[in-house]
Amino acid sequence: MKKFNNKLFRQTLSKFATGVTVVAINSNEKIIGKTVNSFSALSLKPPLVLFCLDKKTSDLKEFIKNNYLSINILSNKQSEISKNFAKKDSKWKNIPFKLSKLNSPIIDKSLANLECQIVKSLKEGDHIIVICKVVNLYLNDKLKPLLYFNSNYIK
Ligand SMILES: Cc1cc2nc3c(=O)[nH]c(=O)nc-3n(C[C@H](O)[C@H](O)[C@H](O)COP(=O)(O)O)c2cc1C
C-alpha cells in the first residue's frame, strides 16, 4: 500500500469515473456556468441532489445566494461545452441555451437538465456543499453521457 499524501489522494480520486455537469445561474442578468463533476444524488423523497464548489471559485457568493440554478448533465457530444465552462470567465456566446420560466440557463441537447432550488450550502474543507431540491427536469433518454476518468473525457 502506498503512503498517503495529497498527490496520491488526487490521483486516487481521479480514478473514480463520473458524469459531467454544468451548473448555471442567471443572476441580475449575469449568466454564470461552471463545469462540475462532484454532482451526486442525495434523496428521492424529497428529490434532492448535491454538488461541491471550490471556495476559491469566482462568483461564489452570487452562486449560493441565488434561489434557483440549473444542473445540465452533459452528453458524450458536449465535451467542448465542458471545456468551455471549466475556463475562467467562460463565455455563453457560442453555447445554445434558453432561460427557463424559473430563469435558469438550460443548455440545449444535454442528456438532462435539472431545475433546482438551493436549500442549503455547507462549508466543509476547501469546498462548499450545495444541496438543491429538484423542481423540474427534462430528460433526453436517447443520449449517452459524457464521462470523466483519470482527468480525461471518455466519449
Ligand atoms: C471535469 C471537470 C470537473 C470539475 N468539477 C468541479 C467541481 O465539482 N467543483 C468545482 O468547484 N470546480 C470543478 N471544476 C473546475 C471548474 O469548472 C473551474 O474551476 C471553473 O469553472 C473555472 O472558473 P473559476 O475560475 O471561477 O474557478 C471542474 C473542472 C472540470 C474540467
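I counted a salt bridge wherever a side-chain nitrogen of Lys or Arg lies within 4 Å of a carboxyl oxygen of Asp or Glu. The model is predicted, so I kept to its cut-offs: local features need pLDDT of at least 70 and side-chain atom pairs 80 or more, while totals for chains, interfaces and linings use all residues. Residues are numbered from 1 along each chain as its sequence is written, and side-chain values use heavy atoms, without hydrogens and water.

**Entry 1, Lys98.** I found Lys98 in a salt bridge with Asp108, with 2.8 Å between the closest N and O atoms. Lys98 sits in strand β7 (residues 97–99) and Asp108 in the loop between β8 (105–107) and β9 (112–124), so the pair ties together parts 10 residues apart in sequence. Strands (E, at least two residues) and helices (H or I, at least four) are DSSP runs, numbered from the N terminus.

How many salt bridges does the structure hold? I got 3. Another one joins Lys30 to Asp59, at 2.9 Å between the closest N and O atoms. Lys30 belongs to strand β3 (residues 30–36) and Asp59 to the loop between β5 (48–54) and α2 (60–65), so this pair links parts 29 residues apart in sequence.

**Entry 3, Glu80.** I then saw Glu80 and Lys83 meet in a salt bridge at 3.3 Å, N to O. Both are in helix α3 (residues 79–84), 3 residues apart, which means about one helical turn separates them.
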